[in-house]
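Subject: Structure handover

Hello,

Here is the structure I promised. Please open it first, then read my notes below.

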Amino acid sequence: MQPRNMSMSGVVDLAAVKAAQEAKTKAEQARAAAAREGGGGAVSPADLVIDVDEAGFERDVLQRSTEVPVVIDFWAEWCEPCKQLSPVLERLAVEYNGRFLLAKIDVDANQMLMQQFGIQGIPAVFAVVAGQALPLFQGAAGEAQIRQTLDQLVTVAEQRFGLTGLTVDPEAEPGGGEAPAQAPVGPYDAALNAAAQALDAGDMGGAIQAYKNVLADDPANPEAKLGLAQAELLQRVQGLDAQQVRKEAAEKPADAQAQIAAADLDLVGGHVEDAFGRLIDAVRRTAGEDRDAVRLRLLELFEVVGADDPRVTAARRALARALF
């Protein structure tokens, strides 16, 4: 299975947003299945660092990433910087006490994995969280930088996917931990899959209705809320003349609808800060119903990006300053 790139601080990729919501659902299902079958028991500290090859990647990395963030150390015997970095990562894996799993991959013996991750040089360190791959850093980074990156990783894994890590027991026998079993289909999988298929087919109306059907039964369902916000955004930008929209927004900075339409295009194009900044500026320039319309659209865009994204947090503070 080829990994997908998903940066913790990059632009919003709507395909990655959909992939992330699917991954979160699968992670929750896998953890529930493991709990029902008595899996997910304590592991030995020795089990926190594992060697992985192409044959075991699906089992040892992708499946395990539904219960714990998996940090991948791409290395080779001839790589001198690797000999400096690898011991630090191994020590931190034990020190973090199950908050992440370290998978070591020898690039000489696993050329296909190296190509799939697009690695140009080693050492290179990636992470896989709920089946989604993201780059961490390349080269022999300092320990302070590594700790900062790992802290951010485990925070994102817990907040976005509910991955709280492994239970470590110093008395446990090495090799005692088991990968989670395949999860059964959940009650909303059919509706969510139908919505995803409608999105792929460009049927935004069908996707919106499918997500609304889930929310009618489960108003707090996070996957449906995120999917609905995404589908509504894509529906709004369908058929827009991007050049004309941007021209009108530039010529009419106080026109609420012109700024709203341009912000939608900004977000679809991955320009998150531009979209947020445009609408916050419009809040400052408008009043009454126009200001309310701008504010509500900004809140809708927050839903697309995700409440725990630092750019949303910063924009919420800026919005508060603009309003009050």
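Arginine 64 and glutamate 67 form a salt bridge, with 2.7 Å between the closest N and O atoms. By salt bridge I mean a side-chain nitrogen of Lys or Arg within 4 Å of a carboxyl oxygen of Asp or Glu. Both arginine 64 and glutamate 67 are buried. Buried stands for under 20% relative accessible area, exposed for over 50%, and partly exposed for in between (1.4 Å probe, protein chains only).

A word on the source. This is a predicted model, where local features need pLDDT of at least 70, side-chain atom pairs count only at pLDDT 80 or more, and totals for chains, interfaces and linings use all residues. Residues are numbered from 1 along each chain as its sequence is written, and side-chain values use heavy atoms, leaving out hydrogens and water.

The structure holds 16 salt bridges. Aspartate 73 pairs with lysine 104, the closest N and O atoms being 3.3 Å apart. Aspartate 73 sits in strand β2 (residues 70-75) and lysine 104 in strand β3 (residues 101-106), so this pair ties together parts 31 residues apart in sequence. Helices (H or I, at least four residues) and strands (E, at least two) are DSSP runs, numbered from the N terminus. Aspartate 73 is buried, at 0% relative accessible area. Lysine 104 is buried too, at 10%.

Glutamate 80 and lysine 83 also form a salt bridge (3.3 Å, N to O). They are three residues apart in helix α3 (residues 80-95), about one helical turn. Glutamate 80 is partly exposed at 48% relative accessibility. Lysine 83 is partly exposed at 42%. Shared partners join Arg91, Glu95, Glu143 and Arg147 into one salt-bridge network.

**Helix pairs**

The axes of α6 (residues 189-200) and α7 (residues 204-217) come within 7 Å and cross at roughly 165°. Axes are lines fitted to C-alpha atoms, for helices over the stretch in contact, and angles run from 0 to 180 degrees between N-to-C directions. That makes α6 roughly antiparallel to α7. The cut-offs are under 35 degrees for roughly parallel, over 145 for roughly antiparallel, 65 to 115 for roughly perpendicular, and oblique for the rest.

The axes of α9 (residues 242-251) and α10 (residues 256-268) come within 8 Å and cross at roughly 130°. α9 and α10 are therefore oblique to each other.

Best wishes
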